[in-house]
Amino acid sequence: MAGKTLVAFAALLLAATCVLAEKPDTEEDLEATNEKNLLEAKIADACREKKCKLGHECTLDEDGHRICVCASKCHELKPLKVCSTQNETFPSECDLDRERCLCHRGQEGCQNKEHKKAHLDYYGECKDIPECTEGQMRSFSRRMSEWLFQVMKELSARKDLTEFAEKLAEEAKSQPKGKHSVIPVIWKFCDLDKSKDKSVNRRELLPLTSMLKPLEHCLGPFLDTCAGDDRMITLGEWGTCLGLEKDDVNKFEDLCDKMEANLEEEEEEDDEE
Ligand SMILES: [Ca+2]
(Lines give C-alpha, C1' and ligand atoms only; values in the text may rest on other atoms or scores of the structure.)
Protein backbone atom coordinates (compact mmCIF):
# COMPACT_ATOMS: atom_id res chain seq x y z
CA MET A 1 0.00 0.00 0.00
CA ALA A 2 2.78 2.32 1.00
CA GLY A 3 4.49 1.48 -2.28
CA LYS A 4 1.38 2.31 -4.30
CA THR A 5 0.95 5.58 -2.46
CA LEU A 6 4.51 6.43 -3.17
CA VAL A 7 4.09 5.73 -6.89
CA ALA A 8 0.90 7.77 -6.95
CA PHE A 9 2.59 10.55 -5.08
CA ALA A 10 5.57 10.45 -7.43
CA ALA A 11 3.24 10.60 -10.44
CA LEU A 12 1.42 13.52 -8.91
CA LEU A 13 4.67 15.26 -8.14
CA LEU A 14 5.89 14.69 -11.69
CA ALA A 15 2.66 16.05 -13.15
CA ALA A 16 2.80 19.04 -10.83
CA THR A 17 6.44 19.65 -11.75
CA CYS A 18 5.52 19.50 -15.43
CA VAL A 19 2.69 21.96 -14.95
CA LEU A 20 4.89 24.21 -12.84
CA ALA A 21 7.70 23.93 -15.36
CA GLU A 22 5.46 24.64 -18.33
CA LYS A 23 3.36 27.36 -16.80
CA PRO A 24 5.79 30.29 -16.96
CA ASP A 25 6.83 29.28 -20.49
CA THR A 26 3.24 29.18 -21.69
CA GLU A 27 2.48 32.51 -20.13
CA GLU A 28 5.60 34.05 -21.58
CA ASP A 29 4.85 32.53 -24.96
CA LEU A 30 1.33 33.82 -24.82
CA GLU A 31 2.54 37.26 -23.83
CA ALA A 32 5.14 37.27 -26.59
CA THR A 33 2.58 36.14 -29.16
CA ASN A 34 0.15 38.81 -28.00
CA GLU A 35 2.84 41.46 -28.15
CA LYS A 36 3.86 40.29 -31.63
CA ASN A 37 0.25 40.37 -32.83
CA LEU A 38 -0.27 43.81 -31.31
CA LEU A 39 2.88 45.14 -32.94
CA GLU A 40 1.92 43.60 -36.30
CA ALA A 41 -1.55 45.15 -36.08
CA LYS A 42 -0.01 48.50 -35.14
CA ILE A 43 2.41 48.36 -38.10
CA ALA A 44 -0.35 47.25 -40.49
CA ASP A 45 -2.53 50.11 -39.32
CA ALA A 46 0.20 52.77 -39.50
CA CYS A 47 1.46 51.50 -42.85
CA ARG A 48 -1.90 51.35 -44.59
CA GLU A 49 -1.36 54.61 -46.48
CA LYS A 50 2.41 54.31 -46.89
CA LYS A 51 3.70 53.25 -50.27
CA CYS A 52 7.09 51.55 -50.54
CA LYS A 53 8.97 50.65 -53.70
CA LEU A 54 8.86 47.12 -55.10
CA GLY A 55 10.98 44.74 -53.01
CA HIS A 56 10.50 46.98 -49.96
CA GLU A 57 7.92 47.05 -47.17
CA CYS A 58 6.76 49.53 -44.58
CA THR A 59 7.50 49.15 -40.90
CA LEU A 60 7.91 51.41 -37.84
CA ASP A 61 11.26 52.58 -36.55
CA GLU A 62 12.15 52.87 -32.85
CA ASP A 63 10.41 56.25 -32.64
CA GLY A 64 7.27 54.90 -34.27
CA HIS A 65 7.91 56.60 -37.62
CA ARG A 66 6.94 54.80 -40.78
CA ILE A 67 9.95 53.70 -42.84
CA CYS A 68 10.53 51.51 -45.89
CA VAL A 69 12.87 48.57 -45.41
CA CYS A 70 13.85 45.61 -47.61
CA ALA A 71 10.88 43.26 -47.90
CA SER A 72 11.06 40.21 -45.66
CA LYS A 73 9.41 38.19 -48.43
CA CYS A 74 7.84 38.71 -51.85
CA HIS A 75 4.17 37.88 -52.07
CA GLU A 76 3.44 37.92 -55.77
CA LEU A 77 0.51 35.75 -56.71
CA LYS A 78 1.73 35.02 -60.20
CA PRO A 79 5.48 35.64 -60.12
CA LEU A 80 6.97 36.34 -63.53
CA LYS A 81 10.65 35.52 -63.93
CA VAL A 82 12.94 38.40 -64.85
CA CYS A 83 16.44 38.73 -66.24
CA SER A 84 18.74 41.22 -64.50
CA THR A 85 21.26 43.57 -66.07
CA GLN A 86 23.88 41.12 -64.73
CA ASN A 87 22.31 38.38 -66.83
CA GLU A 88 20.90 36.39 -63.92
CA THR A 89 17.34 35.10 -63.69
CA PHE A 90 15.28 35.99 -60.60
CA PRO A 91 11.93 34.40 -59.64
CA SER A 92 10.19 37.80 -59.89
CA GLU A 93 10.85 41.54 -60.21
CA CYS A 94 10.14 41.87 -56.50
CA ASP A 95 12.78 39.24 -55.67
CA LEU A 96 15.33 41.11 -57.78
CA ASP A 97 14.52 44.45 -56.13
CA ARG A 98 14.53 42.86 -52.67
CA GLU A 99 17.94 41.31 -53.34
CA ARG A 100 19.32 44.67 -54.56
CA CYS A 101 17.91 46.33 -51.44
CA LEU A 102 19.51 43.75 -49.09
CA CYS A 103 22.88 43.95 -50.86
CA HIS A 104 22.78 47.73 -51.09
CA ARG A 105 22.23 47.96 -47.33
CA GLY A 106 24.69 45.15 -46.61
CA GLN A 107 22.02 43.12 -44.85
CA GLU A 108 21.76 39.44 -44.10
CA GLY A 109 20.20 37.47 -46.95
CA CYS A 110 22.12 39.28 -49.72
CA GLN A 111 23.38 36.50 -51.97
CA ASN A 112 26.11 38.40 -53.81
CA LYS A 113 27.23 41.91 -53.00
CA GLU A 114 27.50 42.71 -56.73
CA HIS A 115 23.70 42.48 -56.81
CA LYS A 116 23.49 45.97 -55.33
CA LYS A 117 23.92 47.13 -58.93
CA ALA A 118 21.51 44.61 -60.49
CA HIS A 119 18.44 46.05 -62.21
CA LEU A 120 15.65 44.70 -64.35
CA ASP A 121 16.80 44.12 -67.92
CA TYR A 122 13.80 42.30 -69.33
CA TYR A 123 10.85 40.08 -68.40
CA GLY A 124 11.33 36.34 -68.73
CA GLU A 125 14.23 34.00 -68.07
CA CYS A 126 17.67 35.18 -69.24
CA LYS A 127 18.42 33.88 -72.69
CA ASP A 128 21.15 34.16 -75.29
CA ILE A 129 20.25 37.20 -77.31
CA PRO A 130 21.87 36.93 -80.75
CA GLU A 131 24.19 39.69 -81.86
CA CYS A 132 22.65 42.39 -84.02
CA THR A 133 24.44 42.54 -87.37
CA GLU A 134 25.09 45.82 -89.17
CA GLY A 135 22.46 45.04 -91.80
CA GLN A 136 19.85 44.16 -89.18
CA MET A 137 20.67 47.34 -87.29
CA ARG A 138 20.09 49.45 -90.40
CA SER A 139 16.69 47.93 -91.08
CA PHE A 140 15.78 48.03 -87.39
CA SER A 141 15.17 51.78 -87.23
CA ARG A 142 12.70 51.60 -90.12
CA ARG A 143 10.95 48.59 -88.58
CA MET A 144 10.71 50.27 -85.20
CA SER A 145 9.26 53.53 -86.48
CA GLU A 146 6.75 51.55 -88.55
CA TRP A 147 5.96 49.46 -85.48
CA LEU A 148 5.28 52.63 -83.44
CA PHE A 149 2.79 53.74 -86.09
CA GLN A 150 1.07 50.34 -85.88
CA VAL A 151 0.98 50.57 -82.05
CA MET A 152 -0.67 53.98 -82.23
CA LYS A 153 -3.22 52.72 -84.76
CA GLU A 154 -3.96 49.68 -82.63
CA LEU A 155 -4.43 51.75 -79.45
CA SER A 156 -6.69 54.11 -81.38
CA ALA A 157 -8.81 51.20 -82.65
CA ARG A 158 -9.12 49.93 -79.08
CA LYS A 159 -10.04 53.44 -77.85
CA ASP A 160 -7.09 53.29 -75.49
CA LEU A 161 -5.67 56.72 -76.35
CA THR A 162 -6.28 60.03 -74.59
CA GLU A 163 -8.41 62.51 -76.48
CA PHE A 164 -5.35 64.47 -77.59
CA ALA A 165 -3.39 61.35 -78.62
CA GLU A 166 -6.45 60.26 -80.59
CA LYS A 167 -6.21 63.49 -82.58
CA LEU A 168 -2.51 62.81 -83.14
CA ALA A 169 -3.30 59.30 -84.36
CA GLU A 170 -5.78 60.74 -86.87
CA GLU A 171 -3.20 63.27 -88.02
CA ALA A 172 -0.58 60.51 -88.37
CA LYS A 173 -2.91 58.40 -90.49
CA SER A 174 -3.54 61.35 -92.81
CA GLN A 175 0.18 61.97 -93.46
CA PRO A 176 1.64 61.12 -96.86
CA LYS A 177 3.33 57.74 -97.27
CA GLY A 178 6.76 57.67 -95.66
CA LYS A 179 5.77 60.36 -93.15
CA HIS A 180 3.06 58.60 -91.17
CA SER A 181 5.44 57.43 -88.46
CA VAL A 182 6.78 60.93 -87.65
CA ILE A 183 4.06 61.72 -85.10
CA PRO A 184 4.02 58.22 -83.51
CA VAL A 185 7.82 58.35 -83.07
CA ILE A 186 7.65 61.71 -81.27
CA TRP A 187 4.51 60.72 -79.35
CA LYS A 188 6.32 57.64 -78.01
CA PHE A 189 9.27 59.78 -76.94
CA CYS A 190 6.99 62.15 -75.00
CA ASP A 191 5.23 59.17 -73.45
CA LEU A 192 8.53 57.64 -72.27
CA ASP A 193 9.91 60.92 -70.89
CA LYS A 194 8.16 60.65 -67.54
CA SER A 195 10.36 63.28 -65.86
CA LYS A 196 9.51 65.75 -68.66
CA ASP A 197 13.11 66.93 -69.04
CA LYS A 198 13.15 66.33 -72.81
CA SER A 199 15.40 63.30 -72.61
CA VAL A 200 14.88 59.64 -71.83
CA ASN A 201 17.23 57.61 -69.68
CA ARG A 202 17.62 53.88 -69.13
CA ARG A 203 14.95 53.83 -66.43
CA GLU A 204 12.43 55.67 -68.60
CA LEU A 205 13.10 53.25 -71.45
CA LEU A 206 12.34 50.24 -69.25
CA PRO A 207 8.64 49.92 -70.18
CA LEU A 208 9.79 49.51 -73.77
CA THR A 209 12.99 47.50 -73.32
CA SER A 210 11.81 45.12 -70.58
CA MET A 211 9.11 43.81 -72.91
CA LEU A 212 10.83 43.95 -76.29
CA LYS A 213 14.47 43.13 -75.60
CA PRO A 214 14.07 39.34 -75.60
CA LEU A 215 12.02 39.54 -78.83
CA GLU A 216 13.97 42.21 -80.69
CA HIS A 217 17.67 41.47 -80.39
CA CYS A 218 18.66 44.76 -82.05
CA LEU A 219 16.75 46.97 -79.60
CA GLY A 220 19.45 47.08 -76.88
CA PRO A 221 22.39 47.91 -79.19
CA PHE A 222 20.15 50.29 -81.15
CA LEU A 223 19.21 52.33 -78.08
CA ASP A 224 22.82 52.35 -76.86
CA THR A 225 23.86 53.83 -80.21
CA CYS A 226 21.10 56.46 -80.03
CA ALA A 227 22.06 57.49 -76.49
CA GLY A 228 25.79 57.90 -77.07
CA ASP A 229 28.17 58.31 -74.14
CA ASP A 230 25.83 60.15 -71.76
CA ARG A 231 23.28 57.28 -71.99
CA MET A 232 20.45 59.81 -72.27
CA ILE A 233 18.43 60.12 -75.47
CA THR A 234 17.25 63.60 -76.43
CA LEU A 235 14.34 64.16 -78.81
CA GLY A 236 16.81 65.07 -81.55
CA GLU A 237 18.79 61.84 -81.02
CA TRP A 238 15.60 59.78 -80.89
CA GLY A 239 14.35 61.31 -84.14
CA THR A 240 17.65 60.88 -85.96
CA CYS A 241 17.96 57.30 -84.74
CA LEU A 242 14.48 56.45 -85.95
CA GLY A 243 15.11 57.95 -89.34
CA LEU A 244 13.18 61.24 -89.04
CA GLU A 245 14.37 64.34 -90.87
CA LYS A 246 15.51 67.28 -88.72
CA ASP A 247 12.69 69.45 -90.11
CA ASP A 248 10.09 66.89 -89.03
CA VAL A 249 11.47 66.81 -85.50
CA ASN A 250 11.56 70.62 -85.35
CA LYS A 251 7.99 70.82 -86.58
CA PHE A 252 6.74 68.77 -83.64
CA GLU A 253 9.25 69.99 -81.09
CA ASP A 254 6.57 71.29 -78.72
CA LEU A 255 4.46 68.14 -78.92
CA CYS A 256 5.54 66.87 -75.47
CA ASP A 257 4.47 70.16 -73.84
CA LYS A 258 1.15 70.07 -75.65
CA MET A 259 0.57 66.45 -74.62
CA GLU A 260 1.35 67.29 -71.01
CA ALA A 261 -0.95 70.34 -70.99
CA ASN A 262 -3.80 68.34 -72.53
CA LEU A 263 -3.33 65.48 -70.12
CA GLU A 264 -3.69 67.86 -67.17
CA GLU A 265 -6.80 69.36 -68.73
CA GLU A 266 -8.36 65.94 -69.32
CA GLU A 267 -7.58 64.89 -65.75
CA GLU A 268 -9.21 68.05 -64.41
CA GLU A 269 -12.32 67.34 -66.49
CA ASP A 270 -12.41 63.78 -65.14
CA ASP A 271 -12.22 65.12 -61.58
CA GLU A 272 -15.13 67.46 -62.20
CA GLU A 273 -17.34 64.67 -63.53
CA1 LIG B 1 13.43 62.22 -68.80
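Me: Taking strands as DSSP runs of E of at least two residues, numbered from the N terminus, in which strand is Y123 found?
Reply: Y123 is found in strand β5. Please note that this is a predicted model.

Me: Is Y123 buried, partly exposed or exposed?
Reply: Y123 has a relative accessibility of 25% and therefore counts as partly exposed, since the buried class ends under 20% and the exposed class begins over 50%.

Me: What is Y123 in contact with, leaving aside its neighbours within four places in sequence?
Reply: Y123 is in contact with L80, K81, V82, E93, S210, M211 and P214. With E93, the side chain of Y123 makes a polar contact of 2.8 Å.

Me: And how far is Y123 from T209?
Reply: Their C-alpha atoms are 9.2 Å apart in space, while 86 residues separate Y123 and T209 in sequence.

Me: Back to β5. What sheet does it belong to?
Reply: Strand β5 belongs to an open sheet of three strands, in the order β4-β3-β5, and the pairing is antiparallel. The edge strands are β4, residues 89-90, and β5, residues 120-123, each of which pairs on one side only.

Me: How many bridges join β3 to β4?
Reply: Two bridges join them, with β3 covering residues 82-84 and the two strands running antiparallel. V82 has F90 of β4 as its bridge partner. V82 is also one of the residues in contact with Y123.

Me: E204 sits in α6, I see. Which residues of that helix are buried?
Reply: In α6, residues 202-212, the buried residues are E204, L205, L206, L208, T209, S210 and L212. S210 is also in contact with Y123.

Me: What happens at the start of α6?
Reply: There, a side-chain oxygen of N201 comes to within 3.2 Å of the backbone nitrogen of R203.

Me: And α5: which of its residues are buried?
Reply: V182, I183, P184, V185, I186, W187, K188, F189, C190 and L192 are buried in α5. Because ten of the eleven residues of α5 are buried, this helix is largely enclosed by the rest of the structure.

Me: On to salt bridges. How many does a search of the whole structure find?
Reply: The search finds 16. One of the salt bridges joins D191 and K194, at 3.6 Å from N to O. D191 is partly exposed, with a relative accessible area of 28%, whereas K194 is exposed at 58%.

Me: What about K198, which residue does it meet in a salt bridge?
Reply: K198 meets D257, at 3.2 Å from N to O. This pair links distant parts of the chain, 59 residues apart: D257 is in helix α10 (residues 255-272), and K198 is in the loop between α5 (182-192) and β6 (199-200). D257 counts as partly exposed at 43% relative accessibility, and K198 counts as partly exposed at 35%.

Me: Where do R100 and D97 lie?
Reply: Both lie in helix α2, residues 93-104, three residues apart, about one turn of the helix. An α-helix has 3.6 residues a turn, so residues three or four places apart point the same way. R100 forms a salt bridge with D97, and the closest N and O atoms are 3.3 Å apart.

Me: Are those two buried or exposed?
Reply: R100 is buried, with a relative accessible area of 18%, and D97 is buried at 11%.

Me: Which residues are linked in a network of salt bridges?
Reply: E154, R158 and D160 are linked in such a network.

Me: Finally, how many helices and strands are there in the chain?
Reply: The chain has ten helices and seven strands. Of its 273 residues, 33% count as buried.

Key
Residues are numbered from 1 along each chain as its sequence is written. This is a predicted model: local features need pLDDT of at least 70, side-chain atom pairs count only at pLDDT 80 or more; totals for chains, interfaces and linings use all residues. Side-chain values use heavy atoms; hydrogens and water are left out. Two strands pair if DSSP finds at least two bridges between them. Helices (H or I, at least four residues) and strands (E, at least two) are DSSP runs, numbered from the N terminus. Buried means under 20% relative accessible area, exposed over 50%, partly exposed in between (1.4 Å probe, protein chains only). A polar contact is a pair of N or O atoms within 3.5 Å; within protein, one must be able to donate a hydrogen and the other to accept it, and residues adjacent in sequence count only if both atoms are side-chain atoms. A salt bridge is a side-chain nitrogen of Lys or Arg within 4 Å of a carboxyl oxygen of Asp or Glu. Contact means heavy atoms within 4.5 Å.
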